[in-house]
Amino acid sequence: MLVIGIAGGTGSGKTTVVNKIINSFPAGEVAVMPQDSYYKDSSHVPPEERSKINFDEPNAIEWSLLVDHLKHLKNGDTIQMPTYSYLTCTRQSETVEVKPADVVIVEGILVLTDPTLRNMLDIKVFVDADADDRLIRVIARDCIERGRTPQIVIDRYEEVLKPMHMQYIEPSKRFADLIVPQGGSNTVAINLLTDYIESRLHRNKARGINTGC
């Protein structure tokens with residue numbers, strides 16, 4: 001099993017990169033563990049207080065559960081991955097079954113900030129993009145998918161996203177094995193990454209290394 005961590009700022013194009021990797025391999029060969037699925041459950045917090053929670057700092061993630069689930073996948077076990085609602089800011093009762101695969105991608109803004117998780121990654125990727133481009137994508141996404149107004153998104157960007165990016169996300173770039181500039185539009189970098197993944201998989205299979213599946 002090849003474990004890949006893909007980090008980068010909000011709106012940098014991480015999802016696009018992940019989807020292009022998935023589409024480059026046969027169905028079932030790539031499993032994805034979104035960091036957002038492992039936000040700590042805040043259903044016990046009153047709704048008016050819930051909106052004030054900082055979801056862009058490492059403490060917002062239940063790293064122990066994410067790491068435990070990744071260990072199970074590496075051991076060949078199927079996991080029940082939690083789901084999270086951006087509308088209510090709570091963990092849902094539904095889970096998603098994730099089976100071991102040749103490639104497991106752990107994707108999220110803070111993936112490279114946790115030392116334990118970082119040490120489990122075979123390839124560490126940071127998707128980079130200009131701040132203006134990221135803000136435009138965040139406004140479009142949050143207004144359409146999460147029912148927020150442009151002003152709410154801009155205020156949140158100035159008060160939370162930008163300072164958290166500078167404090168936690170941008171510094172984690174130094175841990176990356178590969179930096180993908182221009183986000184998901186960088187076809188050359190994404191093709192190099194997928195070619196490298198494929199070569200690693202073939203090398204492991206040629207050596208008879210157990211992929212964990």
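**Figure 1. The largest cavity holds about 50 Å³ of space.** This view, like the others, shows a predicted model. A search of the whole structure finds one cavity of 30 Å³ or more. Helix α6 gives the most, with four residues. By type, the lining divides into four nonpolar, three polar and two charged residues. Rolling a probe the size of a water molecule over the atoms shows where empty space is left.

**Figure 2. The largest pocket has a volume of about 1,200 Å³.** Its lining is made up of 43 residues. Which of them lie nearest the centre of the pocket? They are Asp 36, Tyr 86, Arg 141, Arg 146 and Arg 148. Several elements give two or more residues to the lining. Four of these are the helices α1 (14-22), α2 (47-50), α5 (131-145) and α6 (150-169), and β2 is also on the list. The lining residues of the largest pocket divide into 17 nonpolar, 12 polar and 14 charged.

**Figure 3. The largest nonpolar core has 33 residues.** Met 33, Leu 70, Val 106 and Leu 117 touch the most other members. Each of five elements supplies at least two residues of this core: β1 (2-8), β2 (30-34), α3 (63-74), β3 (79-85) and β5 (103-107). The element that gives the most is α3, with five residues. Look next at Leu 117. Leaving out residues up to four places away in sequence, Leu 117 touches Trp 63, Leu 66, Val 67 and Leu 70, along with Val 106 and Val 111.

**Figure 4. A second, separate core has 19 residues.** Among them are Leu 2, Phe 25, Ala 189 and Ile 190. Follow Ile 190 in this view. Its place is in helix α7 (residues 187-206). Is Ile 190 buried or exposed? Ile 190 counts as buried because its relative accessibility is 3%, and the cut-off for buried is under 20%. Ile 190 and Lys 20 are 170 residues apart along the chain, yet their C-alpha atoms are separated by 7.6 Å. Ile 190 touches Lys 20, and also Val 17 and Gly 184, not counting residues up to four places away in sequence.

**Figure 5. Ser 85 lies in strand β3.** Ser 85 has 14% relative accessibility, so this residue counts as buried. Its side chain makes a polar contact with the side chain of Thr 88, at 3.2 Å. With residues up to four places away in sequence set aside, Ser 85 touches Thr 90 and Gln 92.

**Figure 6. Lys 173 is found in the loop between α6 and β7.** Is this lysine buried or exposed? Lys 173 is buried, because its relative accessible area is 18%. What does the side chain of Lys 173 meet? It makes a polar contact with the side chain of Asp 128, at 2.9 Å. Apart from its neighbours within four places in sequence, Lys 173 is in contact with Phe 126, Asp 128 and Ile 179. Lys 173 and Val 125 are 48 residues apart in sequence. In space they are 8.3 Å apart, C-alpha to C-alpha.

**Figure 7. Cys 89 has a positive phi of about 55° although it is not a glycine.** Where does Cys 89 sit? This cysteine lies in the loop between β3 and β4 (90-98). Cys 89 is buried, because its relative accessible area is 13%.

**Figure 8. Gln 182 has a phi near 65°, a positive value in a residue other than glycine.** Gln 182 lies in the loop between β7 (178-180) and α7. Is Gln 182 buried or exposed? It counts as exposed because its relative accessibility is 54%, and exposed means over 50%.

How values were computed: Residues are numbered from 1 along each chain as its sequence is written. This is a predicted model: local features need pLDDT of at least 70, side-chain atom pairs count only at pLDDT 80 or more; totals for chains, interfaces and linings use all residues. Side-chain values use heavy atoms; hydrogens and water are left out. A nonpolar core is a set of buried Ala, Val, Leu, Ile, Met, Phe, Trp, Tyr and Cys residues joined through side-chain atoms within 4.5 Å. Buried means under 20% relative accessible area, exposed over 50%, partly exposed in between (1.4 Å probe, protein chains only). Contact means heavy atoms within 4.5 Å. A polar contact is a pair of N or O atoms within 3.5 Å; within protein, one must be able to donate a hydrogen and the other to accept it, and residues adjacent in sequence count only if both atoms are side-chain atoms. On a 1 Å grid over the protein atoms alone, a cavity is a set of points where a 1.4 Å probe fits but cannot get out, and a pocket is an open set with protein on both sides within 12 Å along at least five of seven lines; lining residues have an atom within 4 Å of a point. Grid points are joined across faces, edges and corners, and a volume is the space filled by probe spheres set on the points. Ala, Val, Leu, Ile, Met, Phe, Trp, Tyr, Cys and Pro count as nonpolar, Asp, Glu, Lys and Arg as charged, and the others, Gly among them, as polar.
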